[in-house]
Amino acid sequence: MACVAPPSLSSPSPSPRISKVNSTTVDNQLLFVSLKTPKAPSQLKTLHGQIIKTGLIHDDVTLGQLLLCCSLSNSIDYARRVFDLIPQPTPFFYNAMIKGYSTTEQPREAIDLYLHMRSQSIPCDSYTFAAVLSSVSLCRCVSLGQEVHGLIIKMGYDAVVLLQTSIIDMYCSCGFASHGRSIFDRVPDKDAICWNTMVSGYVKCSKFSEAQALFDQMPIRNVSSWNTLIGMYCESGDILVARRLFDVMPYKDVISWNLMISGYAKIEDFKTVRLLFDEMPKRNVLSWNLVISCYVQTRKFIEALKLFRLMQVSNVKPNEITVVAMLSVCSHLCELDMGRWIHGYIKRTQMKLDVYINTALLDMYGKCGSIEEAQMVFNDANPKDAFMCSNMIEVLAIHGKAKGAFEVFGYMKDSRLEPNDVTFVALLRACTHVGLVNTGLNVLEMMSKEFGLVPKVEHWGCVIDLLGRSGYLEQAHELIKRMPIKPNPFLWSTLLGACRLHNNVTLAEEVAVKLIELEPENCANYVLLSNIYSKAGRWVEAAKVRKMMKDKGIMKKPGCSLVHLNNSVFEFFNGDRANPLYKEIIKKLEEMFETLKRKGYVPITSSALQDVNVDEREQVLMLHSEKLAVVFGLISSDVQTPIRVVKNLRICDDCHLFMKMVSKYYNRQLVIRDCNRYHHFRDGCCSCSDFW
């Protein structure tokens, strides 16, 4: 096996191959300098072309820097293609590639390259070992790490502090803290990095008391030392100790602040998260991502959107994590314009379109009502995995496109992508939204017989919903009673919803008793039963249910609708008078009621669940939140702009009829997402075919 003497550690030394060009020219110097910073894929290709054109392709230093630039730019695959074209790569090129792989999610590739070097008797040096030890740590390959350790000793590198530190980190990362400590104790002149590595090693092995003890022994602590301890206590949930360290540390960097924000987020103290964020003297993209993620986690999507807009004006560039989080926000808020801006940003910055970003994009377009753009993202995505396909099936399902959903499922089978539980939930929902009872039952049977998947409560819930919506209430009831798993409140509430849909008061009473027994504090169960009584004209029973709610202190969830116009979100509640344009909205709404009545609109007053006269019921219906939101959209946008509304509850029969009439006689496209599905209103028709 070839060995080399330990080189100077000042900089990697390429082999002494003579450069064929004069690399001291200004242009070549500028080219070399430009390779020091990350580049977009198209820029890398341009630089690579310039290197070939100028002849610098024959210069080891320049070519090696190109490989490193590729890894800095998250384009390690491009670096590998360049590397594979080198006829006889020197150790310098191997080191560049191994180092590049060690900083990516492909550390195994670094190990494979190292093993190839060894098999081909290509000399290794300290840079090779430092890079490969980093990858060994990530892969936790302790046996290979021990082999590398032995070779380092054999080749005389064991006195190099950088390698000693790497060996300590390797053993601790593999769970052998005692081995790491043994090496640490033998290092004669420990620098701060060596101390920090050992403290961090104890943390990795969950030896917190040893980490604290070693921290206390440190002769000199830098900010990294303090951050290691703060991170340890934050991760273990001991936020008070972490905060005490944070408050007394002599100097704080952005990592210190981010660790504390992450620690408070972990214990769900989101108020302190925002206070710390606002106090930060300097923020990086991680700081913004942490707080945005907190808002997403707590479903404060409007706050997340506001913070993202503040991030934009602060000139902080969003990264992949920001993009995925904000696409989720856009999905929930139906913020199509912002979602399209983010998609454009991804293209402009040439961000890598991996399966996660593509899935987030198609989910955003689907849940913002643009099924065509979701389909385009799916069609263009390469590769596609089972998760993305399942998401596409779900998007098609909520838009009532069962045929398209089954076509995607067919693609999955043809591509040998294994369907999972999520896939079959999405397929069953596709059947539910168009009433394909027999097809849905076949899907349930197929998932167990053909794919060996045991139906879970979510699958049974879809089947019960399918039977109930289609009018097979007794069959749905029997299925709940004889199903192989214990029914939970979700299944019973699904059946209660079907009872409301088909006005089956007798069964509803039986199911409601069961539900209230299981979930005595859930307002939805009481509201559903009260609405069933009201719709049947049984006002006394409805009043008793409402009194029961009042006595128990249970509040009804108010109807709420969001409408998106001019990059802003406007929120309406039933009977909402808070909007500055309320008087104008009501005036327009009254005019529309009169106009549509002349066109044949007859308000479905049974949707007004109050014991009042017909005129008063019409007044109640007029003030439903989705009507207020749509009328606001009508008076605030031009005729070509689709009006997109998100409703937190199921759209009532009267509002559904009203929207169909508006789409026809006011020539407007309306897209309304209620708690169950999407409704695309156009030319007097709805995409749900009145089945929802």
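Alanine 386 is in contact (heavy atoms within 4.5 Å) with Met412, Leu417 and Glu418, leaving aside its neighbours within four places in sequence. This is a predicted model, in which local features need pLDDT of at least 70, side-chain atom pairs count only at pLDDT 80 or more, and totals for chains, interfaces and linings use all residues. Residues are numbered from 1 along each chain as its sequence is written, and side-chain values use heavy atoms, with hydrogens and water left out.

**Alanine 386**

- Alanine 386 sits in helix H23, residues 386-398. Helices (H or I, at least four residues) and strands (E, at least two) are DSSP runs, numbered from the N terminus.
- Alanine 386 counts as buried because its relative accessibility is 16%. Buried means under 20% relative accessible area, exposed over 50%, and partly exposed in between (1.4 Å probe, protein chains only).

**Helices H24 and H25**

- The axes of H24 (residues 402-414) and H25 (residues 421-434) come within 9 Å and cross at roughly 155°. Axes are lines fitted to C-alpha atoms, for helices over the stretch in contact, and angles run from 0 to 180 degrees between N-to-C directions.
- H24 contributes Ala402, Ala405, Phe406, Phe409 and Met412 to the contact, while H25 contributes Thr423, Phe424, Leu427, Ala430, Cys431 and Val434.
- By class, this contact has 10 nonpolar, 1 polar and no charged residues. Ala, Val, Leu, Ile, Met, Phe, Trp, Tyr, Cys and Pro count as nonpolar, Asp, Glu, Lys and Arg as charged, and the others, Gly among them, as polar.

**Nonpolar cores**

- The largest nonpolar core has 197 residues. Such a core is a set of buried Ala, Val, Leu, Ile, Met, Phe, Trp, Tyr and Cys residues joined through side-chain atoms within 4.5 Å.
- Among the residues with the most contacts inside this core are Tyr114, Ile342 and Met392.
- H23 supplies the largest share of this core, 9 residues.
- Another core, of 34 residues, lies apart from it and includes Ile586 and Val645.

**Whole chain**

- The protein chain has 36 helices and 6 strands.
- Its C-alpha trace spans about 95 × 60 × 55 Å along its principal axes.
- Of its 692 residues, 51% count as buried.
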